[in-house]
Amino acid sequence: RVPARMTLTRPRLTPAQQQRLEKGLSYFAGPTEVLAGHRLKCAFACVLGHVPTSDELRQLVGSDPMASGMTRGMFRSHMASRLAMVDAGTEARVLYSLFDPTRKGYITVDDLQRVFAEALPAMPPASAADVFFELDTHRTGRLSYHQFEMLMRRGGT
């Protein structure tokens with residue numbers, strides 16, 4: 001029970017976070033559809049930037065994440081809360097570590113293709129390479145953390 005003086009508000013999201021939430025919601029065909037299985041994983045990855053573990057999915061939807069699912073409203077509410085808890089710097093560091101797990105200090109086209117193959121298996125490797133070369137404005141074949149962070153701040157996820 002909420003005290004009379006307290007009001008519940010939606011978490012405040014940055015424009016980039018709102019954009020990512022909307023991308024995740026695009027996996028729903030309509031307002032009453034329930035997402036489960038692979039499509040739920042894809043929507044989750046689209047919003048939070050990583051493929052969810054089985055434990056994360058179990059926390060979201062219950063005992064069998066591949067069979068049971070989430071409604072659009074449940075997904076929006078949960079993802080907005082998760083996004084609101086993460087500041088931009090933390091988010092960029094976490095995402096960068098997915099691309100550079102050995103901490104070499106830069107991302108290569110192979111790193112980008114590896115992550116895209118895991119998170120977006122339908123995307124052809126050539127498309128991932130095209131994305132990389134578009135982002136590699138210095139034409140070094142490497143993306144530094146600074147370049148990655150600037151991209152994140154502009155909402156380029």
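L95 counts as buried, because its relative accessibility is 7%, below the 20% cut-off. The residue lies in helix 5. In sequence, L95 and G49 are 46 residues apart. In space, their C-alpha atoms are 6.4 Å apart. The model is predicted, and the values that follow are computed from it.

The chain has eight helices and four strands. From the N terminus on, the order of elements is α-β-α-α-β-α-α-β-α-α-β-α. Of the 157 residues, 35% are buried. Among contacts with a separation of 6 or more, 58% join residues 24 or more positions apart. The accessible surface of the chain is about 9,700 Å². Carbon and sulfur atoms contribute 57% of that surface.

In helix 3 (residues 54-61), the buried residues are E56, L57, L60 and V61. They lie on the same side of helix 3, because their arc around the axis covers only 110 degrees. The face turned away from the buried side of helix 3 carries D55 and Q59, both exposed. The cover over the buried residues of helix 3 includes helix 2 (37-48), strand 2 (70-71) and helix 4 (72-84). Just after helix 3, G62 has a positive phi of about 110 degrees.

Helix 6 (residues 109-119) has V109, D111, L112, V115 and F116 as its buried residues. Their arc around the axis is only 160 degrees, so they fall on the same side of helix 6. On the other side of helix 6, D110 and E118 are exposed.

Aromatic rings were examined next. A ring pair is described by the distance of the centres and the angle of the planes. The count comes to five aromatic pairs. One of them joins Y96 and Y145. This pair is edge-to-face, with 5.1 Å from centre to centre and 90 degrees between the planes. The pair links distant parts of the chain. Y96 belongs to helix 5 (residues 88-99), Y145 to helix 8 (residues 145-153), and the two are 49 residues apart. Y96 counts as buried because its relative accessibility is 7%. Y145 counts as partly exposed, because its relative accessibility is 24%. Ring pairs link Y96, F99, Y145 and F148 into a cluster.

Y106 carries charged groups over its ring. The charged end of K104 sits over this ring, 5.5 Å from the centre. R142 lies over the face of Y106, at 3.8 Å from the ring centre.

E33 is in the loop between helix 1 (15-25) and strand 1 (34-35). Its relative accessibility is 19%, so E33 counts as buried; the cut-off is 20%. The side chain of E33 makes a polar contact of 2.8 Å with the side chain of R39. Apart from its neighbours within four places in sequence, E33 is in contact with Y27, F28, R39, M70, T71 and R72.

The backbone holds two further points of note. Most residues other than glycine have a negative phi. R103 is not a glycine, yet its phi is positive, at about 60 degrees. R103 is in the loop between helix 5 and strand 3 (106-107). With a relative accessible area of 74%, R103 is exposed. R139, also a residue other than glycine, has a positive phi near 55 degrees. R139 is in the loop between helix 7 (125-135) and strand 4 (143-144). R139 counts as exposed, because its relative accessibility is 60%.

Note on methods. Residues numbered from 1 in each chain as written. Predicted model: local features only at pLDDT ≥ 70, side-chain atom pairs only at ≥ 80, totals over all residues. Heavy atoms only, no water. Buried < 20%, exposed > 50% of the residue type's maximum accessible area, 1.4 Å probe, protein only. Arc of directions from axis to C-beta. Contact = heavy atoms within 4.5 Å. Areas by Shrake-Rupley, 256 points an atom, 1.4 Å probe, with all protein chains shown as cover. Phe/Tyr/Trp six-rings, centres within 6.5 Å; stacked < 30°, edge-to-face > 60°. Lys NZ or Arg CZ within 6 Å of the ring centre and 35° of its normal. Polar contact = N/O pair within 3.5 Å; in protein donor to acceptor, adjacent residues only side chain to side chain.
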